Amino acid sequence: MKLEIMPKQRALEAEQREEAMEMSGFELRKHEKPPKIFPMPPPLSLSAAAGACDDGTLVPPLNFAMVDDGIYRSGFPAAPNFRFLKSLNLRSIVYLCPEPYPETNKEFLAKNGIKLYQFGIEGRKEPFVEIPDDKIREALKVVLDVRNQPLLIHCKRGKHRTGCVVGCMRKLHKWCLSSVFDEYQRFAAAKVRSTDLRFMELFDVSSLKHLTPSHC
């Protein structure tokens, strides 16, 4: 004979099972060790950060990257970056800002036999931007002359002026325009300037073709 369990009895049994499970879980949690909490280290002060560079660590400048064999790009180098720059065995620096080069940087260049080429391009923001075509061309002549390499191209942040020079060099090396723009945008990030993109798109490389690596 089959016994039939009433709905109220089923509900009572289910409730009792839930209470038993909750109690067993509570007993387990009582014996668990509390998680270890590790405090965050305090931020480095400026003096401590400077001291961290005194242990032989090589610190590249902001936005540093290799462009091609013997050609590098970056933002403005500071004293903590000098040891890194020395490791590149640079012959030249192509500086794209109009402001005078700092004396500390000049001393570093003189000590290491690095020649400075300055092409003063104003770092103006849109819409009042006029990129000097002639200075970009003169800078490219220096960059593509193997006698000046290894060299570093830099402006203030390594984004716009440096990006235009590198972008025009890519066009000269027959990169497609979408790849030129992709590289520019990777360094400019949220600071992309449509005038820079337009300048690179319209830049005529025909008068510079004799400067490509195969003709240097």
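This is a predicted model: local features need pLDDT of at least 70, side-chain atom pairs count only at pLDDT 80 or more; totals for chains, interfaces and linings use all residues.
In which sense do β2 and β5 pair, and over how many bridges? The legends below take up this pairing first and then move to other close-up views.

View 1. Residues are numbered from 1 along each chain as its sequence is written, and side-chain values use heavy atoms, with hydrogens and water left out. β2 and β5 pair in the parallel sense, over four bridges, where two strands count as paired if DSSP finds at least two bridges between them. Within this pairing, S74 has H154 of β5 as its bridge partner. α6 packs on the sheet, where it touches β1, β2 and β5, and its direction makes about 150° with that of β2; axes are lines fitted to C-alpha atoms, for helices over the stretch in contact, and angles run from 0 to 180 degrees between N-to-C directions. Five strands in all form this open sheet, in the order β1-β2-β5-β3-β4, with mixed pairing. β1 (65-68) and β4 stand at its edges, each with a single partner strand, so one side of each is left without a neighbour in the sheet. On average, neighbouring strands of this sheet are turned by 25° against each other, direction ignored.

**View 2. The whole chain, as a setting for the close-ups.** The chain has eight helices and five strands, which are DSSP runs numbered from the N terminus (helices being H or I of at least four residues, strands E of at least two). Read from the N terminus on, the elements follow the order α-α-β-β-α-β-α-β-α-β-α-α-α. Of the 216 residues of the chain, 36% count as buried; buried means under 20% relative accessible area, exposed over 50%, and partly exposed in between, with a 1.4 Å probe and protein chains only. Among contacts (heavy atoms within 4.5 Å) between residues at least 6 apart in sequence, 66% join residues at least 24 apart.

View 3. The buried residues of α5 are I136, R137, A139, L140, V142 and V143, and what covers them includes β2, β3 (92-95), β4 (115-118), β5 (151-154), α6 (160-172) and α8 (194-202).

View 4. A search of the whole structure finds six salt bridges, and one of them joins E103 to K106, with the closest N and O atoms 3.9 Å apart. Both residues lie in helix α4 (residues 103-111), three residues apart. An α-helix has 3.6 residues a turn, so residues three or four places apart point the same way. E103 counts as exposed at 52% relative accessibility, while K106 is partly exposed at 38%. D145 forms a salt bridge with R147, the closest N and O atoms being 2.7 Å apart, and R147 counts as exposed at 64% relative accessibility.

View 5. A search of the whole structure finds seven aromatic pairs, which are rings of Phe, Tyr and Trp (its six-membered ring) with centres within 6.5 Å, counted as stacked when the planes are under 30 degrees apart, as edge-to-face when over 60, and as tilted for the rest. F64 and F84 form an edge-to-face pair, 4.8 Å centre to centre and with 85° between the planes. This pair links distant parts of the chain, with F64 in the loop between α2 (46-52) and β1 and F84 in helix α3, 20 residues apart. F64 is partly exposed, with a relative accessible area of 24%, whereas F84 is buried at 12%. The rings of F82 and F108 have centres 4.4 Å apart and planes at 15°, so this pair is stacked. F82 lies in helix α3 and F108 in helix α4, so the pair ties together parts that are 26 residues apart in sequence.

Terms used. A salt bridge is a side-chain nitrogen of Lys or Arg within 4 Å of a carboxyl oxygen of Asp or Glu.
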